[in-house]
Amino acid sequence: GPDPDAGGGASARRETTVRENPELAQAEQSIVRITRDAFDAHGELGYVEALGEDLLLLAVISDDIWLNGFALVRIGDISELEAPHEHADFVEEALRIREESSPSSSAISLEDIGSAIRTAGRLFPLVVIHREEVEPETCRIGRVQKVTKDSVTLLEIGPDAEWEEEPSNLPLEDITRVDFGGGYEEALALVGGKGPDVPHLKSVT
């Protein structure tokens, strides 16, 4: 396949915000490849749906050029930004011919990671929580039960689409990426159903 590093890109330091990175601000509504060297050397192809002060919402485009849900990443983790992607015209035309369009993401709040998870949990049956600094090889998938200022309560579903009996409490400060609306989560939700009611937890809806 094409070299993901071809075409250069804008380097972003850990403390970079959108205001300090004009290339990032101009990338909104365009097809890009973002690389987060600390976690993912391959990079991620996608369409920049929205930018917050510290968060970027990407409509993920798979290697075989289908839309595959959303990824929310921290801007400070982006080490390289290829914007626009060198094959952006091809990707855009392929998506157009395939009549692929992403579901509306306008209701996702990018104010902070907690708000983003709360709003994604209202729109999608499952979210994928990545804590790549503390659990680099695993992710947690489940139904958002509650979000406080410090943590998210997640009723998890396993790779066999079986629900856990007790929810997990995950500190927001550990969360490096959140995915939702992708094909894998959709398959788990279809097989696993809505999951058990956990009456002592308030739903986010």
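Which residue stands opposite R177 in β11? The legends below, all for a predicted model, get to that and a few other spots.

**View 1. Strand β11 and its partners.** The residue standing opposite R177 in β11 is H130. Strand β11 pairs with β7 in the antiparallel sense, over four bridges. Strand β5 also runs antiparallel to β11, and four bridges join these two. Look for V73 here: its bridge partner in β11 is R177. Now check where the side chains of β11 go. R177 and D179 point one way, while V178 and F180 point the other way, and all of them are buried.

**View 2. Helix α3 under cover.** Helix α3 takes in residues 113-123 and is mostly covered, with eight of its eleven residues buried. Among the buried ones are I113, A116, I117 and A120. Here's a handy bit of background: an α-helix has 3.6 residues a turn, so residues three or four places apart point the same way. What does the covering of these buried residues include? You'll find strands there, including β4 (55-61), β5 (67-74), β8 (139-147) and β11 (177-180).

**View 3. E132, tucked into a loop.** Find E132 in the loop between β7 and β8. Is E132 buried or exposed? E132 counts as buried because its relative accessible area is 13%, and the cut-off for buried is under 20%. Its side chain makes a polar contact with the side chain of R36 at 2.8 Å, and another with the side chain of T176 at 2.4 Å. Leaving out residues up to four places away in sequence, E132 touches R36, F39, T176 and R177.

View 4. Most residues other than glycine have a negative phi, and most peptide bonds are trans. Against that background, have a look at the bond from A83 to P84: this peptide bond is cis, with omega near -10 degrees. P84 sits in the loop between β6 (80-82) and α2 (88-97). Next comes E99, which isn't a glycine but has a positive phi of about 55 degrees. E99 lies in the loop between α2 and α3 and is exposed, with a relative accessible area of 71%. A161 isn't a glycine either, and has a positive phi of about 65 degrees. With 10% relative accessibility, A161 counts as buried.

Notes. Residues numbered from 1 in each chain as written. Predicted model: local features only at pLDDT ≥ 70, side-chain atom pairs only at ≥ 80, totals over all residues. Heavy atoms only, no water. Buried < 20%, exposed > 50% of the residue type's maximum accessible area, 1.4 Å probe, protein only. Contact = heavy atoms within 4.5 Å. Pairing = 2+ DSSP bridges. Polar contact = N/O pair within 3.5 Å; in protein donor to acceptor, adjacent residues only side chain to side chain.
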